[in-house]
Amino acid sequence: MRIRRILTATAAASAVTGLGLAAAAPAQAAEYSSALKIKGIQYDAPGRDSNKCSGGNTSAEYLTIKNYSRGNVNLKGYVVKDAAGNTYTFKTNHTLEPGDQVSLRGGRGTESDAKNVAYRQNCNFMWNNDKDTIYLYKPGGSRADVHSYTQKANDRDGNGYITYHG
């Protein structure tokens, strides 16, 4: 009886595939169905790290988030987080048109639709120079995108920048 059930299930799966219907995607793949994705990260600011608010280079360390959809996306409520729990929440309306991107930088400044930049209001570096994990969450708390990196494995040219989605 067990063999017949397996064969029946296999035949049903073949029939579904033959009709061009796909089985449900794995749960992990669903996180990449978001309109917004992490395009890349400058995890190591050029030069010697200096987290001084005046004269430091934390604003040279940034994360780029891009709208890959065909519609506008408001960033308000999206959250960026690292492995250590450092977070940034987009607090104001900040609309990205299709193909637009925003740079989330360290240092002080404002969220600006005009320049597509947001500042963390914190002069400490968020991203580790050796390895880290970047999480992007939708306003409701579901994961939109996630990437882990190590300097050795992901930054072969050593320039401190890694591209995830072109």
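**Close-up views of two sheets in a predicted model**

**View 1. Strand S9 pairs with strand S10.** In this predicted model, strand S9, residues 131–137, runs antiparallel to S10, and 7 bridges join the two. Ile134 stands opposite His147 of S10.

**View 2. The hairpin of S9 and S10 contains Gly141.** There are 5 residues between the two strands of this hairpin. Gly141 has a positive phi, near 100°.

**View 3. Strand S4 pairs with strand S9.** Strand S4 covers residues 79–82 and is antiparallel to S9, with 4 bridges between them. Asp82 has Ile134 of S9 as its bridge partner. Ile134 also stands opposite His147 in S10. How many of the 7 residues of S9 are buried? The count is 6, so the strand is largely enclosed by the rest of the structure.

**View 4. The sheet of four strands is open and antiparallel.** The order of its 4 strands is S5-S4-S9-S10. Which strands stand at the edges? They are S5, residues 87–89, and S10, residues 143–150. Each has a single partner strand, so one side of each is left without a neighbour in the sheet. On average, neighbouring strands here are turned by 10° against each other, direction ignored. Strands of a sheet pair through backbone hydrogen bonds, in a parallel or an antiparallel way.

**View 5. The sheet of five strands is open and has mixed pairing.** Its 5 strands follow the order S8-S7-S2-S1-S11. Strand S8 (117–119) and strand S11 (161–163) are the edge strands, and each pairs on one side only.

**View 6. Strand S1 pairs with strand S2.** S1 spans residues 36–42 and S2 spans residues 62–67. Their pairing is antiparallel and takes in 6 bridges. Which residue of S2 is the bridge partner of Leu36? That partner is Asn67. In a regular strand, side chains alternate between the two faces of the sheet.

How values were computed
Residues are numbered from 1 along each chain as its sequence is written. This is a predicted model: local features need pLDDT of at least 70, side-chain atom pairs count only at pLDDT 80 or more; totals for chains, interfaces and linings use all residues. Side-chain values use heavy atoms; hydrogens and water are left out. Two strands pair if DSSP finds at least two bridges between them. Axes are lines fitted to C-alpha atoms, for helices over the stretch in contact, and angles run from 0 to 180 degrees between N-to-C directions. Buried means under 20% relative accessible area, exposed over 50%, partly exposed in between (1.4 Å probe, protein chains only).
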